[in-house]
Amino acid sequence: MGVGLGPDQEALPSLPPVLTNSDAVGSGVLIVALDSEPMTVIVICGGLVAAVTLIWVGVVMRRLKRRLREISKGVEQFSAGRLDHQIGKASGDSTELTRSLNQMAKNLQERIDLLKAQLGEQRIIHESMSTGMVAVDLEQRILSVNRAAERMLGLREKLAKGRSLRDALQEPELNLFVSKAVAEAKPTSAEFTLVRPRGATVHVAGEPLRGEGNKPVGVLMLISDVTRLRKLESLRSDFAANVSHELRTPITNIQGYVETLLQVGTKNPVETTKFLEIIKRNTDRLAHIIEDLLALARLERPEMSAAVERSMTGLTPLLDSVIEEFEPAWTEKGIKIRCEVNGDLSANVAAPLIEQAVGNLLSNAIKYSPPGSAITISAKEVEGGQSVEISVSDQGPGIAAEHLPRIFERFYRVDRARSRQLGGTGLGLAIVKHIALVHGGRVDVESKPGRGSVFRIVVPRQ
Ligand code: ADP
């Protein structure tokens, strides 16, 4: 804004630019300045400049203070973890510094999110692993336990973390293994049986955990439950041994009698016939064992359950046909057979397989029962009509309690010599069990020595 001067004031020295240009100068001040000595004018003007400067500095300082307060509050928010806070957003005051701080917080948040995602993924992988994982430090304090290890060792990570493995877990072999792995600081492995929770056999691999400068900082243990595997291996080798044993006896007999025949010749027809009959009995036995083994192998195939063809079958005709098939055997021993079926009961089953299973049970009942005794075959609805139960009960010698849990195992016999003498292969009940299993059913037995036995097959009706 310009300042107007009268014509009589033109002789005065021109005003310094600060006075002529400043908005802060009023007309009253100008009159004082015009009336005063030049020195006074300078002093006044200096004072004015100082006052204006002071006011300006005050304003600037206030703004600066407000900004600093805002920045300090923002940094406090960041350090409290609220990295999405925007410094200067509320006041609309954006500067290079606030922009940089906000960007830094955003970058930090992105990194944290990334780390969180990576940690989450690792956690999911650890938790989903069927292999147990336990990490300990050099003092054998537990750093981490995954879910599989919790299950195998009966540990809870929440309770165990930070505790010494020795205190958290009374497993002498595992503790010894960890001490060795920590001391040696190199990959190691072992297999042993745990004391708890259920005497599982485990394979443990120990890997040293390394920190900065490749220094060992602990041990990571990977634990696999190999109980089932070892059991299967032992079953397989037992099975191979049993099969060889079962086949060896008839083969040795056949070999022996063939050699004798070759030596003595066939001049004596009575002896020749006797030897040939023995050879035939043994070849029949071999054929019987192989037939049963093949039947079992077929039934044990995993796809068998789905592949087996079922149809709605009346149980009365099915059981009658089995009874008829064994008629020569039961009439020979003077055994009376009773068949009890509830009405026209039917079930969705593979008839040939159920006939085979009931046939095996009836054959055993006839084999082991005394002459003149009675056998009852019955079928009824159970489980509210959801399943049918077929049972074969006899008045035979019965089975002692200690044998009952193993009676359906392959080649398990109470009296090996008697079973062989009666032509048994030791596979009959195993076949019965697998036939029930492919139908989605089960078998059981109730027996007391001297009181006879009841064998039951339960299969779903539909
Ligand atoms: P085996 O061919 O020897 O009869 P199984 O598997 O059919 O083989 O039966 C296994 C064993 O169970 C038999 O050796 C016998 O000791 C016993 N067992 C089976 N059924 C009966 C029964 N009804 N009464 C008494 N013992 C039986």
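**View 1. Residues around the ligand.** Of the 20 residues around the ligand, those coming nearest are Asn-364, Asp-394, Ser-419, Thr-425 and Leu-429; a residue is near a molecule if one of its heavy atoms lies within 4 Å of it. This is a predicted model, in which local features need pLDDT of at least 70 and side-chain atom pairs count only at pLDDT 80 or more, while totals for chains, interfaces and linings use all residues. Residues are numbered from 1 along each chain as its sequence is written, and side-chain values use heavy atoms, with hydrogens and water left out. Sorted by class, the shell around the ligand holds 9 nonpolar, 7 polar and 4 charged residues (Ala, Val, Leu, Ile, Met, Phe, Trp, Tyr, Cys and Pro count as nonpolar, Asp, Glu, Lys and Arg as charged, and the others, Gly among them, as polar).

View 2. A nitrogen atom of the ligand lies 2.8 Å from a polar side-chain atom of Asp-394. From the backbone, a polar atom of Val-414 is 3.1 Å from an oxygen atom of the ligand, and a backbone N or O atom of Gly-426 lies 2.9 Å from a ligand oxygen atom. Taken alone, the ligand exposes 530 Å², and the protein buries 97% of that (Shrake-Rupley method, 1.4 Å probe).

View 3. The ligand takes up the space of the largest pocket (more than half of its atoms lie within 2 Å of the grid points). On a 1 Å grid over the protein atoms alone, a pocket is an open set of points where a 1.4 Å probe fits, with protein on both sides within 12 Å along at least five of seven lines; lining residues have an atom within 4 Å of a point. About 1100 Å³ of space lies in this pocket, counted as the space filled by probe spheres set on the points. Its lining has 49 residues, with Asn-360, Ser-363, Asn-364, Lys-367 and Tyr-368 nearest the centre. The largest share of that lining, 12 residues, comes from α14; α14 also gives the most to the shell around the ligand, with 4 residues. Helices (H or I, at least four residues) and strands (E, at least two) are DSSP runs, numbered from the N terminus.

**View 4. Two loop residues with positive phi.** Ala-185, in the loop between α8 (172–184) and β3 (188–193), has a positive phi of about 50 degrees although it is not a glycine. Glu-383, another non-glycine residue, has a positive phi of about 50 degrees and is found in the loop between β9 (374–382) and β10 (387–393).

Methods. Polar contact = N/O pair within 3.5 Å; in protein donor to acceptor, adjacent residues only side chain to side chain.
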